[in-house]
There are 2 protein chains.
Amino acid sequence: MPKPPPQRRKVTLADIALGCDVSRATVSLVLRGSPLVNSATRARVEAELKRQGYVYNRAAANLRRRTSSSIGLVVNDLGNPFFAEFAAGADEALGRAGFVTLLGNTGESPERQQAVLNSLVEHGPAGIILSPAEGSEGERVLAAVGVHTPLLVFNRELPDAQGEHRWDTLEMDNERGARLATEHLIGLGHQRIAFFGGHRDSSSVEQRRRGYTGAMRDAGLPIDPAWLIESAPTRLEAARQTGALFLRDPAPTAAVCYNDAVALGLMLGLTRRGRRPGEDFALTGFDDVAEASVSVPPLTTIAVDPRGRGRQAAELILSRLSNPDAAPGHTIAPVQLVIRESSCAPHSS
Amino acid sequence: MPKPPPQRRKVTLADIALGCDVSRATVSLVLRGSPLVNSATRARVEAELKRQGYVYNRAAANLRRRTSSSIGLVVNDLGNPFFAEFAAGADEALGRAGFVTLLGNTGESPERQQAVLNSLVEHGPAGIILSPAEGSEGERVLAAVGVHTPLLVFNRELPDAQGEHRWDTLEMDNERGARLATEHLIGLGHQRIAFFGGHRDSSSVEQRRRGYTGAMRDAGLPIDPAWLIESAPTRLEAARQTGALFLRDPAPTAAVCYNDAVALGLMLGLTRRGRRPGEDFALTGFDDVAEASVSVPPLTTIAVDPRGRGRQAAELILSRLSNPDAAPGHTIAPVQLVIRESSCAPHSS
DNA sequence: CTGAAAGCGCTTACAG
DNA sequence: CTGAAAGCGCTTACAG
C-alpha cells in the first residue's frame with residue numbers, strides 16, 4: 001500500500017480524482033453524500049480521501065454555492081462573565097448547527113464596533129448576533145451590516161432613527177424580574193423597600209424600576225422618592241452609596257438591587273456600617289453571577305441564564321435564515337427568581 | 001445623481017466595472033490601493049463603489065490569492081473569566097492585525113475539541129491558538145489540525161507521544177509566581193507556611209508547588225507534609241478543606257493557595273471557624289481575578305494578566321506565519337506579585 | 001495606465 | 001451512474 005506522499009501543497013479534489021481515476025464531479029458527489037454514486041466507486045474515493053489526508057475547503061464551496069457557514073458574534077464586553085457565558089452558549093448552538101462563530105469584541109466602544117462589523121461583513125457571515133456597545137446607533141450599525149445580512153440585537157435597545165425596527169431582538173424580561181424580586185420581599189413582610197443602583201437613563205434600569213414600582217403599587221405600598229438610589233452599576237460605587245439608604249427615618253428594611261454587582265457592593269457597605277445583610281437588612285440582586293451563590297450570605301437574585309440566552313440567540317438567527325421575509329421578531333427571554341439567604345424577613349424590633 | 005438601486009443580489013466587482021466603464025482588473029487594483037491606477041480613474045471607481053454600496057468579498061480574494069485572513073481560537077472554558085479575558089486579548093490583537101477570530105469553545109471536552117478543530121480547519125485559518133481541554137492529546141490534535149496550519153498551545157502542556165514538540169507554546173511562569181508569593185510571606189516573618197488547594201496530578205499545581213518548595217528550602221524552612229493540602233480548585237471545595245490546615249499543632253500561620261478561587265474559599269472557611277483572614281492568618285492567591293481586589297480583605301495574589309497573554313498569543317502565532325520554518329518556540333509569560341491586605345505579618349502571640 | 005485571460009477549489013445542471 | 005463544462009468573486013501576470 002502506497003504511503004501518503006508528504007505534500008507541501010494542500011490536497012484538493014483534483015488530487016483525489018487523479019488518485020483514483022474518477023472526475024472531480026464524482027469526488028464532490030461523494031463528499032456531499034450523494035446517493036447517485038455507485039458504492040464501489042464511493043469506497044475507492046473515500047479510501048483515497050483518507051490516504052491523502054484531504055481537507056474540505058469550505059470557503060471555496062461557499063463561494064460556488066453562494067452560501068455561508070459562519071455567523072458573526074459581536075459582544076460589547078467579553079471580559080464580563082455574563083457576556084462570556086452568552087458567547088459560549090451561542091457558539092455551542094451555532095457549532096451544533098454546522099456554523100462557525102466569527103468573534104468580535106468591542107469593549108463598549110461604538111467606534112470599535114463599527115470597525116469590527118465592517119471587517120466581519122467582508123467575511124460574508126450568514127447572519128450577525130450583536131450585543132451592542134453602549135451608545136451605538138441603529139443607523140450606523142445597519143450601514144455596516146448592510147441589508148443582506150440578518151441581524152439579531154441582544155440585551156440592549158439599539159436606538160433606531162427610522163422608528164420601526166429593522167432587526168430581530170432578544171431582550172431580558174427586566175420588568176418581570178424586578179417585579180418577582182419585589183413581590184418576594186413584600187411577601188416576607190417588608191413594607192419599606194428601596195430600589196438600589198444603576199443609572200436612570202439606562203433602558204434596563206428603567207425597565208427594572210418599572211417592575212419594582214408596579215409591584216409596590218399593586219401591594220398598596222408607598223414609595224418614598226428617597227428610596228430610589230442611583231449609582232454606577234459596579235460593586236465599588238454601590239458600596240459607597242450604601243449610606244444613602246439610611247438618611248431618612250424610617251429607613252427601608254430591604255432593597256431590590258439593580259444587579260448582582262450592586263447587591264454584592266451593598267452587602268459590603270452594610271457590613272462596614274455594622275449591619276448584617278440577610279439578618280438586619282434584606283436584599284436581592286439580578287443576573288445570578290457565579291459569585292451570588294457563594295457570597296456571605298448567598299444572594300437571592302434573578303437568574304437570567306446567559307448561556308441559555310446565547311443558545312436562544314443562535315436559534316433565533318438560524319431560524320431567520322430559513323425565513324428571511326418574516327416581520328422582525330421581538331423575543332423576551334424568561335427570568336427566574338432564585339431564593340437564597342440574603343432575603344430575610346424584616347427584623348422584628 | 002442616480003440613486004443606488006435597491007438591489008437584492010450582492011454587488012460585485014463586475015457591477016462596479018460596468019457602472020463606471022472600466023475592467024474588473026482596474027477595480028481590483030483600486031481596491032487594493034495600487035499606485036498604477038490613474039487618479040481620475042481611481043476617483044471614478046471609488047465614487048461608484050460608494051454609490052453601489054460595494055462590500056469586499058474576502059473569501060473569494062483569499063481563495064484566489066491562496067491566503068487566509070482568519071485565526072482559529074479554541075478555548076477550554078469560555079465561561080471562566082480567565083479564558084474569556086484571554087480570548088478578548090487575542091481577538092483584540094488579531095483584529096488589529098486584520099485577522100478575524102474563528103471561535104470555538106470546548107467546555108473541557110476532548111471530544112468537542114476534536115469536532116471543533118475539524119470544523120475550524122475546513123475554514124482554512126492561517127493558524128490556530130489552542131488552550132487545550134483537560135485530557136487532550138497532542139497526537140489527536142495534530143491529526144485534526146494537520147501539518148499546514150501553525151499551532152500555538154496556551155497554558156497547559158499537551159502530551160506528545162513523539163517526544164519532541166511540534167508546536168509553539170505559551171505558558172505561565174507558575175513556578176516563579178508561587179515562589180514570589182512564598183518569599184513574600186517568608187519576608188513578613190512566617191515560618192510555617194502551607195500550600196493549599198489543587199490536585200497534585202495537574203501540571204500547573206506541580207509547577208506552583210515546586211516554586212513554593214524551592215522558596216521554603218532556600219529560606220531554610222522545613223515543610224511538614226501535612227501542610228500540602230489538596231482540594232478541587234474551586235471555592236466550595238477549598239472552604240470545605242479549611243479544617244485540614246489546623247489538624248496538627250503547631251498549625252501553619254499562612255498559606256500559599258493554588259489559585260484565587262481556592263484562596264477566596266479558604267477565606268470563607270477561616271471566617272466560619274472564627275479566624276480572621278488577613279489578621280489571624282495570612283494567605284495568597286494566584287490569577288488576580290476581578291474579585292481579588294474587592295474581597296474582604298483584598299487578596300494578595302499573582303497577576304498573570306490574561307488579556308495581555310491573549311495579545312501575546314496572537315503576536316506569537318502571527319510572527320510564526322511570517323516565519324514558518326523556525327524551530328518551535330516555548331515562551332514563558334511573566335507573572336507579578338500584587339500585595340494586598342490578605343497577607344499580614346504573623347500574629348504575635 | 002488599462003484590459004483580456006486564466007485560475008484559486010469547489011458545485012451543478014446537463015449529457016450520455 | 002459518471003464526466004465535461006461553466007461559473008462563484010476575486011487577483012495577477014501579461015500584453016498593449
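**Surface near DNA strand C**

I began with the surface near DNA strand C, which by class has 13 nonpolar, seven polar and seven charged residues. I counted Ala, Val, Leu, Ile, Met, Phe, Trp, Tyr, Cys and Pro as nonpolar, Asp, Glu, Lys and Arg as charged, and the others, Gly among them, as polar. A residue is near a molecule or strand if its C-beta atom, placed from the backbone, lies within 6 Å of it.

I noted that this is a predicted model, in which local features need pLDDT of at least 70 and side-chain atom pairs count only at pLDDT 80 or more, while totals for chains, interfaces and linings use all residues. Residues are numbered from 1 along each chain as its sequence is written, chains are lettered from A, and ligands are numbered from 1 in the order in which they are written.

I then looked up which residues come nearest: of the 27 residues around DNA strand C, these are Thr12(A), Ser28(A), Ala61(A), Thr41(B) and Arg64(B). The elements giving two or more residues to this surface are α2 (24-31) and α4 (58-65) of chain A, and α2 and α4 of chain B. Helices (H or I, at least four residues) and strands (E, at least two) are DSSP runs, numbered from the N terminus.

**Contact between the chains**

I found that the contact takes 41 residues from chain A and 41 residues from chain B. Two residues are in contact if their C-beta atoms, placed from the backbone, lie within 7 Å. On the side of chain B that touches chain A, at least two residues each come from α4 (58-65), α5 (81-96), β2, α6 and α10 of chain B. With eight residues, α5(B) gives the most to that side. By class, I recorded 20 nonpolar, 13 polar and eight charged residues on the side of chain B that touches chain A.

I also followed strand β2 (residues 100-105) of chain A, which is joined to β2(B) by three bridges and runs antiparallel to it. Two strands pair if DSSP finds at least two bridges between them. Leu103(A) stands opposite Thr101(B) in β2(B).

**Helix α3 of chain B**

I checked the length of helix α3 (residues 39-52) of chain B: at 1.5 Å a residue, its 14 residues should span 20 Å, and its end C-alpha atoms are 20 Å apart, which agrees. The expected span is 1.5 Å times one less than the number of residues.

Which residues of α3(B) are buried? They are Val45(B), Glu48(B) and Leu49(B). Seen down the axis of α3(B), the buried residues fall within an arc of 105 degrees, so they line one face of the helix. The arc is that of the directions from the helix axis to the C-beta atoms. A residue is buried if 20 or more other C-beta atoms lie within 10 Å of its own, exposed if 12 or fewer, and partly exposed in between, with C-beta atoms placed from the backbone.

Among what covers the buried residues of α3(B) are α1 (13-20) and α2 (24-31) of chain B. On the other side of α3(B), Ser39(B), Ala40(B) and Lys50(B) are exposed. Just after α3(B), I noted Gly53(B), with a positive phi of about 65 degrees.

**Backbone exceptions**

Most residues other than glycine have a negative phi, and most peptide bonds are trans. I found Glu108(B), not a glycine, with a positive phi of about 65 degrees. Glu108(B) lies in the loop between β2 (100-105) and α6 (110-122) of chain B, and it counts as partly exposed because it has 16 C-beta neighbours inside 10 Å.

Asp305(B), also not a glycine, has a positive phi of about 50 degrees. I located Asp305(B) in the loop between β10 (301-303) and α12 (306-321) of chain B.

I recorded a cis peptide bond, with omega near 0 degrees, from Asp249(A) to Pro250(A). The bond from Asp249(B) to Pro250(B) is cis, with omega near 0 degrees.
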